[in-house]
Amino acid sequence: MVVVTVPRSTEAPDTACRSSSVLDAVLAGIVAVDREGRVTLLNPAAERLLEVRAMTTIGRCLGELIGDGHDGELLAAVREDLDRVTPDRPIERVVEIHPNGSLELRYVRLRSRCLKDHLRAPAGAVFEVLDVTDEHKTNQLKNQFLSIVAHELRTPLTGIKTFSTMLAKGMLGGLEERQQTVVESIREQSLRLEHQIDKLVNLGHIDAEEYSQDLDAIDAVEVVRQALGGFEVTARDRAITLRAILPDGTRIVRADRSDLRRAVQALVENALKFTRDGGSVAVTLQDSEPGRVEIAVADDGVGIEPRYQGRIFEKFFQVEDPLTRHHGGSGLGLFFVKNIVEAHGASVRVDSALGHGARFSFELQLDGTGETITPQSTGAQTAPAHPTTDDR
Amino acid sequence: MERTVLIIEDEKLIIVSTQMVLEAAGFRVESAVNGEEGIQKAKSLRPDLVLLDIMMPGIDGWETLTRLKRDPETSGIPVIIFTAREHARGHQKSSEMGAADYFRKPFEPDELIELVEKHAGQRV
């Protein structure tokens with residue numbers, strides 16, 4: 001963590017001196033600007049990264065530096081963030097830069113925070129600039145690897161899923177009861193594997209925040225029905241009643257079909273995991289406020305302690321100790337649900353009491369009501385290029 | 001009249017499984033194992049629809065789509081992108097490049113039939 005104290009004239013000289021020494025020593029570039037965007041402080045690391053000299057920069061507007069022979073994209077991002085940052089809303093993003101206009105490509109993480117004066121009124125902003133090129137490249141390789149692995153797994157899986165589905169649905173002729181059970185089990189396991197591969201790919205997107213960008217007019221009822229298709233045998237084997245309570249007709253929403261299905265699948269998987277054998281899980285899609293539908297997954301399982309309810313959506317968070325837990329899983333399911341739902345401009349609600357089950361729900365805007373979906377940012381943004389998924 | 005679907009796909013397993021699904025739904029299915037062969041067959045067969053994979057040896061699916069849409073002989077044939085890999089904004093990109101739809105593998109046979117029924121013969 002970097003703590004910045006902007007020296008004021010009333011400060012004791014030794015305090016200002018100490019602050020200045022700290023700023024000189026930190027590896028991150030620190031730039032502070034006043035409300036008009038004039039630079040009030042610039043440490044040596046920022047001088048190196050921004051290719052500017054403090055003595056010629058202090059007191060000048062950041063805007064004046066743009067097009068001054070320095071890296072335009074970074075300075076443009078700084079200027080943009082200065083207009084957007086508020087005391088409640090720090091901004092963080094990764095920006096691509098070409099130092100000195102060279103062909104060399106580097107990535108810097110830009111963190112922008114609002115500065116307040118002694119009356120706690122906004123007084124400008126402080127920018128932390130950190131070179132994250134190595135981290136970013138490693139991340140790209142990781143995403144590329146996961147994407148290739150997923151492709152290699154999906155190809156044979158397509159055959160298994162297609163053939164087992166054709167057999168299970170009688171498209172290739174009738175089967176005896178035992179054969180039917182076996183084929184349905186193969187199909188369900190293929191759906192389960194597909195869901196796991198989807199999670200693997202999403203793991204690569206944790207830092208990329210690339211959720212739900214393929215918004216299309218789709219029938220939410222149909223998506224929920226499809227999402228349940230992979231859990232029938234599991235529920236039956238554990239004598240869990242899995243019910244779908246769906247309205248007649250269609251409910252058209254603007255959403256990413258695959259991501260919405262993944263979100264519902266993750267909620268159902270989570271509900272089944274924490275429901276005792278013989279319990280029940282209900283998936284409901286119902287009209288809520290005018291122009292909106294609510295999708296909810298409710299179980300009568302073990303429930304969630306109130307102290308964990310805010311944390312279950314965190315990446316890798318699991319209520320149980322991973323070494324001694326009884327339930328499998330990666331701790332990513334609810335994290336993905338949250339990201340996917342937020343990318344659709346909504347939020348996930350959880351109602352639960354320990355020992356009395358849990359109900360997860362979210363609402364979607366019906367299409368054609370004139371309102372547009374504004375995907376919410378779910379955290380850090382990345383540099384514009386995303387070669388991992390866009391290269392082929 | 002029997003409608004023809006051309007699958008351009010390098011994985012034999014995907015061709016066979018897709019072919020079985022579409023033939024069960026009454027389509028005639030032809031296949032090509034790379035982009036170049038796919039373009040040639042699109043010209044000679046004039047299919048009602050093309051199912052196009054992205055990751056293929058030689059010219060990839062995006063390039064194949066570009067060439068199909070550039071050639072007046074094939075530009076009117078609806079193309080559905082058919083991919084097992086995540087593509088950033090894939091739906092949007094394929095739409096901007098002239099594809100009729102975007103579909104991910106593994107697929108649900110019913111969904112594939114529905115999609116092919118929707119676009120087959122809808123020349124653009």
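Which residue forms a salt bridge with A:Arg238? It's A:Asp277, with the closest N and O atoms 2.8 Å apart. Keep in mind that this is a predicted model: local features need pLDDT of at least 70, side-chain atom pairs count only at pLDDT 80 or more, and totals for chains, interfaces and linings use all residues. Residues are numbered from 1 along each chain as its sequence is written, chains are lettered from A and ligands numbered from 1 in the order in which they are written, and side-chain values use heavy atoms, leaving out hydrogens and water.

**Salt bridges**

- Over all chains, a search of the whole structure turns up 31 salt bridges (a side-chain nitrogen of Lys or Arg within 4 Å of a carboxyl oxygen of Asp or Glu).
- A:Arg238 is partly exposed at 23% relative accessible area, and A:Asp277 is exposed at 57% (buried is under 20%, exposed over 50%, partly exposed in between, with a 1.4 Å probe and protein chains only).
- A:Glu294 pairs with A:Arg359, their closest N and O atoms being 2.9 Å apart.
- That pair also links distant parts of the chain, with A:Glu294 in strand E10 (residues 292-299) and A:Arg359 in strand E12 (residues 358-365), 65 residues apart.
- A:Glu294 is buried at 12%, whereas A:Arg359 is partly exposed at 26%.
- A:Glu305 and A:Arg307 meet through their side chains, 2.8 Å from N to O.

**Nonpolar patch**

- A:Ile160, A:Val182 and A:Ile186 make a nonpolar surface patch of about 250 Å² (residues with over 30% relative accessible area and no salt bridge, nonpolar side chains being joined within 5 Å; areas use the Shrake-Rupley method with a 1.4 Å probe).
- A:Ile160 is placed in helix H6 (residues 133-168) of chain A, and its 42% relative accessibility counts as partly exposed.

**Helix packing in chain B**

- Helix H2 (residues 35-45) and helix H3 (residues 61-70) of chain B pack at about 25°, with axes 10 Å apart (axes are lines fitted to C-alpha atoms over the stretch in contact, and angles run from 0 to 180 degrees between N-to-C directions).
- That makes H2(B) roughly parallel to H3(B) (angles under 35 degrees).

Definitions and conventions. Patch = residues over 30% accessible without salt bridge, like charges linked within 9 Å, V, L, I, M, F, W, Y side chains within 5 Å. Helix = DSSP H or I, 4+ residues; strand = E, 2+ residues; numbered from the N terminus. Parallel < 35°, antiparallel > 145°, perpendicular 65-115°, else oblique.
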